[in-house]
Amino acid sequence: MKPLFHSLFFTLSWMACSRGFANPSAAASHTKPTSITQDVGSSIEDIFEYDKTSVACGKYWSFLDESDQPKTSVPETDLRREEVLCGKWLFLSWETTGKLPLPELLFDAIQRSWPERVGTQFEKLGFLPNPFDKRGRPLGVTRSTTKYTGLPAVNISCSACHVGQLPDGRFSVGAPNTKLDMSTFNLMSYFPLFATMSNQDRALLHPEVRAYYLELERTEKNRIGDGKGRIDWSNVIFKYSKLLRWLHIGAKGLPDAKYVVMPPERDLLSWIHGKPGVFNPGAPMLTLQVEGVPNLAVPQIWGVSGFEQDFANGKTAPVGQTTKYSSLEKFAADALIYAYQDPALNRPRNIRPLVAYLRQIETPKTLEVLDPASVVTGQTVFNHSCKSCHDGASGESTKIYGAHEVDSIAALENPRAGYEATTPISKLIAELSDTLGARIEPQPIGIKSRRLTGLWARKNLMTHGSVKDIDDLLCLKGSRSVEAFTHQEICSELNFSERQSLLSYLKTL
Ligand code: HEC
Ligand code: HEC
């Protein structure tokens, strides 16, 4: 069960990998050289590696020619090193969601309007601090395109969701940020639109949504002055953005009316029902959610392999669940389209580093000392009861299963089936994404299991996040809540001591 693919890139030449004839098992016998990046540490500083990562992309790109091929003069180890470090930089600080960029003014206004709800650095919404951000913004909030706002804007990067704190206090890249309350963040970022709605329009909102925004409005700190006798424009704009837009104040009007509309009701409701670490990551632009599709738990992304050839040979399940891709390269290419809506960015010089970095992030190991005998017994139980499906290198499933086979939710099998782009921006993305041809078409129907590595540190198990943690999975502290029905059979079919030894074994993965 030890992930085998970590050593892969160190042993195959870079060229070989970029052509995609990578086979994880082929590299298994080679010893693993020291990792290029440090992705687990006792502080954010430790895992950010600012001095190395912040300069890496410049170096890496200077190693490439016009067609993104490495120049022959560059030593392979240097190329590989800067490629991975550049990927880490992109992961930490490139905007990458399909969410519409938020003008900085509005971002700052959120913070100053509801300090009691968001905290001084958005820490109350679960964002981690970024010691290297000169403006004191949290990790995962990063400068974005001005294309839609005509103003300095911010957006979310991979690190907002995919850097988390482990139960023992260490920080880890690849751990889901289980504290991140993205739903509330999304709701708050649409407050300016609510603020400018007439009572008549407000009455048309779903009652739950209306009640939420009315409460936000009630608690808003209404400030026109900044405390120093000057006008606080961020707050004025926050409150009267629509008015200013009509008056054509601001570079392009604030923000661009063509793109900013209140999200569809189902998205607003999914946010209201989201919880930290479990939310609708794409909304509002994706508007994927057919009624009844649950929010998704942020997965751990330690040891994602995603090699095209493995997928073609039936050795690995697709990357992603709501939208399924045949490789990590294609997943990353589509992510750039979602974030920037600019096909020009879909170049090997951007895709390769991100993918190379992701493939080498290691799973953090538990510091707990486990009873070896119990681990061995647990492995036997696993091989007998679980391995037929959890047959991948990191305990993931290599195939996809019907929801009924594991008592999961049918709407997760292929959420794209009901997908319809409704907003101007989601239509644009759908169009560009189709041109790219990155998604598997037609989308396979079924649910895969995510990797089981690092389960000791996880919360919100299953794609919909309903099983609290590994103890809940094995019903070791009483029975589960009614919503946590997936894999309920583990609790009824395995006896207590089998489940206890299984716990020991699973903690070693
Ligand atoms: C807003 C939070 C958020 C951001 C930002 C985000 N992700 Fe994710 N990520 C998720 C969620 C939720 C899923 C599960 C979606 C699914 O499986 O369909 C996911 C799935 C994935 C997967 C697939 C894992 C698997 O088991 O198939 C990978 C890989 C990944 N993300 C990498 C990234 C990278 C790289 C970035 C930046 C380019 C990024 N994510 C940005 C929340 C986020
Ligand atoms: C019939 C195939 C099958 C068997 C047998 C099976 N699983 Fe699963 N397992 C799955 C699928 C499919 C999922 C994904 C369900 C979802 O996300 O809704 C899953 C999800 C999981 C997850 C959640 C992973 C995550 O990070 O979200 C854990 C943990 C897990 N299984 C453990 C086990 C254990 C332990 C056993 C044996 C006692 C077992 N499974 C037996 C197919 C199976």
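Visitor: Which residues in α16 meet which in α17?
Guide: Leu328, Glu329, Ala332, Ala333 and Leu336 in α16 meet Asn350, Ile351, Leu354, Val355 and Leu358 in α17. Two residues are in contact if their C-beta atoms, placed from the backbone, lie within 7 Å. By class, this contact of α16 with α17 has 8 nonpolar, 1 polar and 1 charged residues. Ala, Val, Leu, Ile, Met, Phe, Trp, Tyr, Cys and Pro count as nonpolar, Asp, Glu, Lys and Arg as charged, and the others, Gly among them, as polar.

Visitor: Before we go on, what am I looking at?
Guide: This is a predicted model, where local features need pLDDT of at least 70, side-chain atom pairs count only at pLDDT 80 or more, and totals for chains, interfaces and linings use all residues. Residues are numbered from 1 along each chain as its sequence is written, while chains are lettered from A and ligands numbered from 1 in the order in which they are written.

Visitor: Back to that pair. At what angle do α16 and α17 pack?
Guide: About 125 degrees, with the axes 9 Å apart. Helix α16 covers residues 328-340, and helix α17 covers 348-359. Axes are lines fitted to C-alpha atoms, for helices over the stretch in contact, and angles run from 0 to 180 degrees between N-to-C directions. Helices (H or I, at least four residues) and strands (E, at least two) are DSSP runs, numbered from the N terminus.

Visitor: Why are α16 and α17 called oblique?
Guide: The angle of about 125 degrees makes α16 and α17 oblique to each other. Under 35 degrees is roughly parallel, over 145 roughly antiparallel, 65 to 115 roughly perpendicular, and the rest oblique.

Visitor: Is the crossing of α16 and α17 left-handed or right-handed?
Guide: Right-handed. A crossing is left-handed if the near helix is turned anticlockwise from the far one by less than a right angle, and right-handed if clockwise.

Visitor: Next pair. How do α4 and α5 cross?
Guide: At roughly 120 degrees, with axes that come within 7 Å. Helix α4 is residues 50-62 and helix α5 is 76-93. The two are therefore oblique to each other. Their crossing is left-handed.

Visitor: Which residues of α4 and α5 meet?
Guide: From α4, Lys52, Thr53, Ser54, Ala56, Cys57, Lys59 and Tyr60. From α5, Glu82, Glu83, Leu85, Cys86, Lys88, Trp89 and Leu92. The contact of α4 with α5 divides into 7 nonpolar, 2 polar and 5 charged residues.

Visitor: What's in the loop between α4 and α5?
Guide: Asp68, for one, lies in that loop. Asp68 has a positive phi of about 65 degrees although it is not a glycine. Most residues other than glycine have a negative phi, and most peptide bonds are trans.

Visitor: What is phi for Met462?
Guide: Near 80 degrees, a positive value in a residue other than glycine. Met462 is in the loop between α20 and α21. Met462 counts as buried, because it has 24 C-beta neighbours inside 10 Å.

Visitor: And which peptide bond is cis?
Guide: The bond from Glu441 to Pro442 is cis, with omega near -10 degrees. Pro442 is also found in the loop between α20 and α21 (470-473).

Visitor: New topic. What does Ile409 touch?
Guide: Pro294, Ala403 and His464, not counting residues up to four places away in sequence. Ile409 and His464 are 55 residues apart in sequence and 8.2 Å apart in space, C-alpha to C-alpha. Ile409 sits in the loop between α19 (403-406) and α20 (424-436).

Visitor: How many residues surround ligand 2?
Guide: There are 23. The closest are Cys386, Cys389, Ser408, Ser449 and Thr463. Near here means that the C-beta atom, placed from the backbone, lies within 6 Å of the molecule or strand. The shell around ligand 2 has 12 nonpolar, 9 polar and 2 charged residues.

Visitor: Last one. How much of the protein counts as buried?
Guide: 45% of its 509 residues. The protein has 23 helices and 8 strands.

Note on methods. A residue is buried if 20 or more other C-beta atoms lie within 10 Å of its own, exposed if 12 or fewer, and partly exposed in between; C-beta atoms are placed from the backbone.
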